[in-house]
Amino acid sequence: MQQTEVNSHADISAARLAGRIAAAGGFEQALAAGLFSTSHRVTLSEALVLGLLKQGVRKYFAIFGHGSTALAETLRVYEAQGLVSVWQCRNEVEMAHAATVLRWAYGEPSAVVTSIGPGALQAMAGSLAAASNGIGVYHIYGDETTHGEGYNMQQVPKPEQMLYGRITALMGRSYVLHTPDALRDALRRGAATVFHDFKAGPFYLLLPINTQPKEIDIRIETLPSVTPIAPSTPATTASLDRAAELIRMRPRIVVKAGGGSRGHSEAVQRFAELCGAAIVLSPGSTGIVPDDHPQNMHVGGSKGSISGNWAMEQAELLVVVGSRGVCQSDCSGIGYPRVTDVINVNADLDDVQHYNNTTALQGDVTAVLAALAARLEGASLPAEPARQAWLDQCLAEKRRWSAFKKERFAAAPILDPVWARPVLTQPSAIKVVADYCKANGALKLFDAGDVQANGFQIVEDERTDDTITESGSSYMGFAVSGLLAAAAADRPRYMVAFTGDGSFMMNPQILIDGIQHGLHATIVLFDNRRMAAITSLQLAQYGREFRTNDGVAVDYVRLAGAVDGVLALDGGTSPETLLDALKQAHAHRGLSVVHVPVYFGGDPLASMGAYGSWNVGNWVADVEEAYRAAII
């Protein structure tokens with residue numbers, strides 16, 4: 001009875017304060033009016049919601065459980081006053097991806113809320129996508145009580161303290177609110193992680209079940225806000241002068257634009273044009289310069305392109321821009337056999353030192369490239385004929401790649417043994433969908449697997465915000481789950497998820513959550529009844545496939561259509577029928593699924609090919625021998 005009275009008092013206080021904030025016009029207006037200049041007695045849960053509001057976090061993706069009832073009640077009260085919005089989900093991995101895409105595509109911060117135990121571990125698994133791609137998201141999990149009165153249901157069954165906090169700390173930065181009064185420090189560290197200027201990531205707040213309803217006295221205006229960081233360049237000019245000299249000495253230059261180059265398109269293009277460099281993309285940086293720019297050689301790496309990999313293999317000087325040197329992107333360290341010197345432009349201290357023989361230019365990409373460009377402008381660079389010859393050779397290879405692509409895109413349907421009829425190849429089908437997205441301003445989300453690998457070879461973007469390829473962790477189910485972000489965004493954009501049958505079945509609950517939350521988007525499901533990327537790898541390495549397909553037929557049109565409100569369509573077996581289905585899906589003011597059976601087999605027209613090295617399987621010995629001999 002006493003506990004019920006305490007809870008009622010807390011609920012009344014929360015409703016009163018939330019009402020006053022709403023009456024003031026919102027949190028910022030209440031702050032400016034001095035509402036928070038005096039101490040308030042609130043629960044830890046309410047103080048957390050207020051602290052996150054001060055940092056601009058007003059959106060939550062949640063699956064509540066016994067480990068989060070106090071926080072849920074606070075969110076209920078604050079949502080009723082229009083101060084926050086909460087989207088109930090059906091899978092913790094799904095909502096982790098939705099929060100990641102909301103920040104990645106729309107720039108809106110949010111929080112993921114789960115209970116204690118399995119739900120928290122699932123959300124943490126999903127947060128790998130945010131961690132791998134530098135996306136800032138708050139993750140708030142329930143945790144075991146602090147009194148040690150006995151095992152809590154769903155805690156790690158081990159007699160040690162703060163185990164979930166230790167687990168999450170392995171993924172990123174973590175804080176256990178064992179002491180409610182430590183909230184100020186927790187939010188300061190959270191802001192530094194979620195809003196980091198060049199390498200953001202998930203921040204994990206662990207809320208013990210019994211501390212959530214504890215009341216604390218706090219001046220809300222003293223809770224941390226987000227601190228803007230000014231762009232920086234190297235403190236000394238010596239490294240910039242050294243880099244400029246290397247550029248003058250070497251006419252055969254390749255710029256490898258990684259995911260960290262997103263948002264710096266103008267600076268990258270200007271720099272490359274000044275020094276006559278070929279630009280090679282990572283899977284996550286398509287559109288950093290327009291696809292038809294003569295110096296854009298497209299993607300390079302173990303699943304690269306004819307032109308991109310040729311430029312990597314023939315260059316003498318490598319200029320890394322915002323890249324971590326991921327194995328597939330730099331061919332496991334042996335993608336630049338002729339390069340003897342590296343200029344690395346990167347804000348991160350570890351990444352900027354990745355290669356040997358490096359002139360490290362640590363700082364903001366645009367600021368550093370502008371400083372370099374200033375040293376190169378005003379006079380022609382030495383060996384101008386050699387620079388032009390280099391670009392001419394690169395352009396010839398790009399034309400080869402373009403001709404190769406056109407042949408794949410024009411491929412007629414091929415008889416498939418599983419489908420027992422001619423069906424579209426995956427490259428031709430992806431091209432139809434990608435062109436439709438481009439013509440209609442749709443944002444493309446790519447799921448992991450063969451669809452993703454072919455996809456980043458196929459897309460022809462003019463801007464970096466037209467495609468999200470989550471290649472950092474290649475999380476199956478990321479794309480379909482990420483669509484939910486459009487339902488939560490302030491200014492949503494029509495989105496299309498490119499997924500395979502394997503990835504789709506990892507997170508099919510989007511069919512329900514999409515309808516529940518009024519999502520307008522389309523899932524295009526490319527179905528070859530297997531994990532084709534791994535089957536292809538097995539065949540390339542060992543000549544045999546093993547346990548990467550199945551014999552279970554699934555009618556995905558009927559499956560998706562069983563959810564009331566989902567428009568489920570058969571994409572057919574021709575570009576014309578697929579295009580017609582895409583138009584119907586776009587016109588449907590809800591969630592649509594377009595099922596496309598695609599070919600898998602030995603016909604070379606069925607794949608965009610592979611052009612680099614990778615330190616896996618029976619390629620390991622050769623790759624590591626080459627790596628030992630590599631200069632950089």
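The legends below describe close-up views of a predicted model.

**View 1. An open sheet of 6 strands.**
The strands follow the order E3-E2-E4-E5-E7-E6, and their pairing is parallel. Strand E3 (85–88) and strand E6 (173–176) stand at the edges. Each of these two has a single partner strand, so one side of each lacks a neighbour in the sheet. From one strand to the next, the twist averages 20°.

**View 2. Strands E2 and E3, with helix H4.**
Strand E2 (residues 59–62) pairs with E3 in the parallel sense, over 4 bridges. Ala62 has Gln88, in E3, as its bridge partner. Helix H4 (residues 69–80) packs on the sheet and touches E2, E3, strand E4 (111–114), E5 and E7. The direction of H4 makes about 125° with that of E3.

**View 3. The aromatic pair of Tyr141 and Tyr204.**
The model has 13 aromatic pairs. In one of them, Tyr141 and Tyr204 form a tilted pair, 6.0 Å centre to centre with 50° between the planes. The angle falls between the limits of 30 degrees for stacked and 60 for edge-to-face, which is why the pair counts as tilted. Tyr141 belongs to strand E5 (residues 137–143) and Tyr204 to strand E7 (residues 202–208). The two residues are 63 residues apart, and their pair links distant parts of the chain. Both strands belong to the open sheet of View 1. Tyr141 is buried, because its relative accessibility is 2%. Tyr204 is buried as well, with a relative accessible area of 0%.

**View 4. The aromatic pair of Tyr336 and Tyr355.**
The ring centres of Tyr336 and Tyr355 are 6.5 Å apart and the planes stand at 85°, so this pair is edge-to-face. Tyr336 lies in the loop between strand E12 (317–321) and strand E13 (341–346). Tyr355 lies in the loop between E13 and strand E14 (358–362). The pair therefore ties together parts that are 19 residues apart in sequence. Tyr336 counts as buried at 5% relative accessibility, and Tyr355 counts as buried at 9%.

Phi of Asn357 is near 50°, a positive value in a residue other than glycine. With a relative accessible area of 40%, Asn357 is partly exposed.

**View 5. Arg529 and helix H21.**
Arg529 lies in the loop between strand E20 (521–527) and helix H21 (532–542). Its phi is positive, near 60°, in a residue other than glycine. Is Arg529 buried or exposed? Arg529 is buried, with a relative accessible area of 15%. In H21 the buried residues are Ala532, Thr535, Gln538 and Gln541. An α-helix has 3.6 residues a turn, so residues three or four places apart point the same way. The buried residues of H21 pack against helix H16 (450–458). Gly543 follows H21, and its phi is positive, near 75°.

**View 6. A cluster of aromatic rings.**
Which residues do ring pairs link into a cluster? The cluster is made up of Trp401, Phe404 and Tyr611.

Conventions
Residues numbered from 1 in each chain as written. Predicted model: local features only at pLDDT ≥ 70, side-chain atom pairs only at ≥ 80, totals over all residues. Heavy atoms only, no water. Buried < 20%, exposed > 50% of the residue type's maximum accessible area, 1.4 Å probe, protein only. Contact = heavy atoms within 4.5 Å. Pairing = 2+ DSSP bridges. Axes fitted to C-alpha atoms, helices over the stretch in contact; angles between N-to-C directions.
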